[in-house]
Amino acid sequence: MASPAPEDLAVTRAGLDDWSVIKGWAADESWNPGLADAPAFFAQDPDGFFIGRIDGEPVSAISVVNHGTDYAFLGHYLVRPDLRGRGHGLTTWKTALAHAGNRTVGLDGVVAQQDNYRRSGFELAYRTARFTGTAPASDIPADVRVVRPEDIADITAYDATCTPADRPRFLAHWLTGPGHHAAVRRTGDRVTGYGVIRPGHDCPRIGPLFADTAEDARALFAALTAEVAGRQVAIDVPQTNPAGVALAEDAGFTPSFETARMYTGPVRPYAEERVFGVTTLELG
């Protein structure tokens, strides 16, 4: 029997109902997807998710989520293992990338795909290491507290200084999603950092962890890990932030997975030194 060819593939936009299949594929790749990520992802750009089918059966997926007029982020690039190497991924990729238009596109690429991404015009910005370890039992610092509704506007403004694009729709869901625990640190009326820990397929994930200083980051890290003391936890740390790497290592975490942040063009300047933990490798 002949193998299905790329021309047999129908790539269409995906809905929330489709995404349970994609989350399962991501879990099979040991990407440890969050259990309640999809509503926040779709809130940012509901038209940015694509699925490829052959005879109605899902075989490929990708997301190209637009953040404003200048920036998009690519993730969830997956092909069912038994149908890889037949062009289905490339067909899905080309169809979805058109959604970004002239925007700069970012991604967090696994090592095996980075050469392919370079050939598609992506350039390395920095490398990220996923650190995993047992969450320490810590006291919650007195100046760190659970995010309240009245904090969200300030956190959204703070987040915009730590990322290449504003993302208020995403954050409205990310800060309040099922099982998500969000913490904030303030000095007077000013936010000096915030973080989120959420349940994942394999273990809880911290992301983002944004903070003005290493002291702020450590206080937030202690508050977030106190929620899951004694359990395995993961955090994706840019290797360009030595204070972030030191925080993870001092907690006894070890690197288990590596990706590369890559872009097709320039992105707006942001405070990279505040990024102690990436929000999510799937959406930036």
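Predicted model: local features only at pLDDT ≥ 70, side-chain atom pairs only at ≥ 80, totals over all residues.

Residues are numbered from 1 along each chain as its sequence is written, and side-chain values use heavy atoms, with hydrogens and water left out.

Q: What makes residues of helix 3 count as buried, and which ones are they?
A: Buried means under 20% relative accessible area (1.4 Å probe, protein chains only). In helix 3, residues 88-97, that label goes to H88, G89, T92, W93 and A96.

Q: Why are they said to be on the same side of helix 3?
A: Because they cover an arc of only 130° around the axis, going by the directions from the helix axis to the C-beta atoms.

Q: What covers the buried residues of helix 3?
A: Going by contact (heavy atoms within 4.5 Å), the cover includes strand 1, strand 2, strand 3, strand 4, strand 5 and helix 4.

Q: How many residues line the largest pocket, and which lie nearest its centre?
A: There are 32, with Y77, L78, V110, Q113 and Y117 nearest the centre. Strand 4 gives the largest share, six residues.

Q: What is the volume of the second largest pocket?
A: About 160 Å³, taken as the space filled by probe spheres set on the grid points.

Q: Which helix gives the largest share of its lining?
A: Helix 1, with four residues.

Technical notes. Buried < 20%, exposed > 50% of the residue type's maximum accessible area, 1.4 Å probe, protein only. Helix = DSSP H or I, 4+ residues; strand = E, 2+ residues; numbered from the N terminus. 1 Å grid on protein atoms, 1.4 Å probe; cavity = no way out; pocket = protein on both sides within 12 Å on 5 of 7 lines; lining within 4 Å.
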